[in-house]
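User: I'd like to learn how to read strand pairing and helix packing in a model like this one. Could you walk me through it?

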Amino acid sequence: MKYTVNPSFGLVKKQLVHFVNNFDLEGTLFGDGKRNKIKLFDLEGTQINIKSFKVPNIINTIAYKYFRKSKARRSFEFANILLENKIGTPLPIAYFENSNFLGLKDSYYISEHLDCDLTFRELVQIPDFPENEIILRQFIRFSYDLHQKGIEFLDHSPGNTLIKKGNNGNYEFFLVDLNRMEFHKSMSFEVRMKNLCRLTHKKEMVVIMSNEYAIVSGESEQLINETLWKMTADFQYKFYRKKRLKKKLKFWKQ
């Protein structure tokens, strides 16, 4: 077993090893566990979150050991980069990797568990969610800050931003599911817009997002709205076409 632990958690390293070794037997399941399994554990009074990544296929088994960093390692390293850039994410604690002679068997990413008030998904699904527009505008400022710092969060989708209301009435945003990111010296307009196109299918939300992005960036609101809506529509078309194809494939396999 290979692992790296945040120095702040060095004194509880043995407990972390125990949790990983007994992942299937202990802990409380969080979420549906369809793709990757997440469990909650108590670490000396602190609730932590351990994500077990799905066992990779034979190609990735080899690639993740010899050619690419595992999803767990990337999640840990990217979380630290986010915190260095003062971008919210649950505190990274450790990552673990189990390998054999062939390659990577499984991997785990450990972070503090964050209880949030909502995710971005609620803004999409509940139009009359309290302070919906205020949260949406503050979220766009958060995303603009990401872009200004050259951080392209490739999984910038509705379920991957946790939102908490602060004591001052402002909202705080925390990114999760971190293993896919790219870092740039600067991000082009097209890359910025593409980074936002997976968040909602609702045109009225895109209008507000475009307006706020124009306010903070100084770019043309009309250009932002036209570009973002076209990219959103293109993404939605491809997304649902892919779902229809999968449904047909399942039918023919029956």
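Predicted model: local features only at pLDDT ≥ 70, side-chain atom pairs only at ≥ 80, totals over all residues.

User: Let's start with the hairpin: how many residues join S5 to S6?

Analyst: The hairpin runs from S5 to S6 through four residues. The general idea is that strands of a sheet pair through backbone hydrogen bonds, in either a parallel or an antiparallel sense. Here, strand S5 (residues 92–99) pairs with S6 in the antiparallel sense, over seven bridges.

User: Which other strand is joined to S6 by bridges?

Analyst: That is strand S4 (residues 46–52), joined to S6 by five bridges and running antiparallel to S6. In this pairing, Ile48 has Glu112 of S6 as its bridge partner.

User: And why is S6 described as largely enclosed?

Analyst: Look at burial residue by residue. Strand S6 (residues 104–112) has nine residues and seven of them are buried, so S6 is largely enclosed by the rest of the structure. The cut-off behind "buried" is a relative accessible area under 20%.

User: Now the sheet with S7. What is its strand order?

Analyst: The order is S7-S9-S10, an open sheet of three strands with antiparallel pairing. Strand S7 (118–119) and strand S10 (171–175) are the edge strands, since each pairs on one side only. Strand S9 (residues 161–165) pairs with S10 over five bridges in the antiparallel sense. Within that part of the sheet, Lys164 stands opposite Glu172 in S10.

User: Which helix packs on this sheet?

Analyst: Helix H5 (residues 132–148) does, touching S7, S9 and S10. The direction of H5 makes about 50° with that of S10.

User: How do I read the packing of two helices?

Analyst: In general, two packed helices are described by the angle between their axes and the distance between the axes. In this model, H5 packs with helix H6 (residues 189–196) at an angle of about 140°, and their axes are 11 Å apart. That angle makes H5 oblique to H6, because the roughly antiparallel class takes angles over 145 degrees. The crossing of H5 and H6 is right-handed.

User: Which residues make the contact between H5 and H6?

Analyst: From H5 come Ile140, Ser143, Tyr144, His147 and Gln148, while H6 contributes Arg192, Asn195 and Leu196. Sorted by class, the contact of H5 with H6 has three nonpolar, four polar and one charged residues.

Terms used. Residues numbered from 1 in each chain as written. Heavy atoms only, no water. Pairing = 2+ DSSP bridges. Helix = DSSP H or I, 4+ residues; strand = E, 2+ residues; numbered from the N terminus. Contact = heavy atoms within 4.5 Å. Axes fitted to C-alpha atoms, helices over the stretch in contact; angles between N-to-C directions. Parallel < 35°, antiparallel > 145°, perpendicular 65-115°, else oblique. Left-handed = near helix turned anticlockwise from the far one by under 90°. Nonpolar A, V, L, I, M, F, W, Y, C, P; charged D, E, K, R; others polar. Buried < 20%, exposed > 50% of the residue type's maximum accessible area, 1.4 Å probe, protein only.
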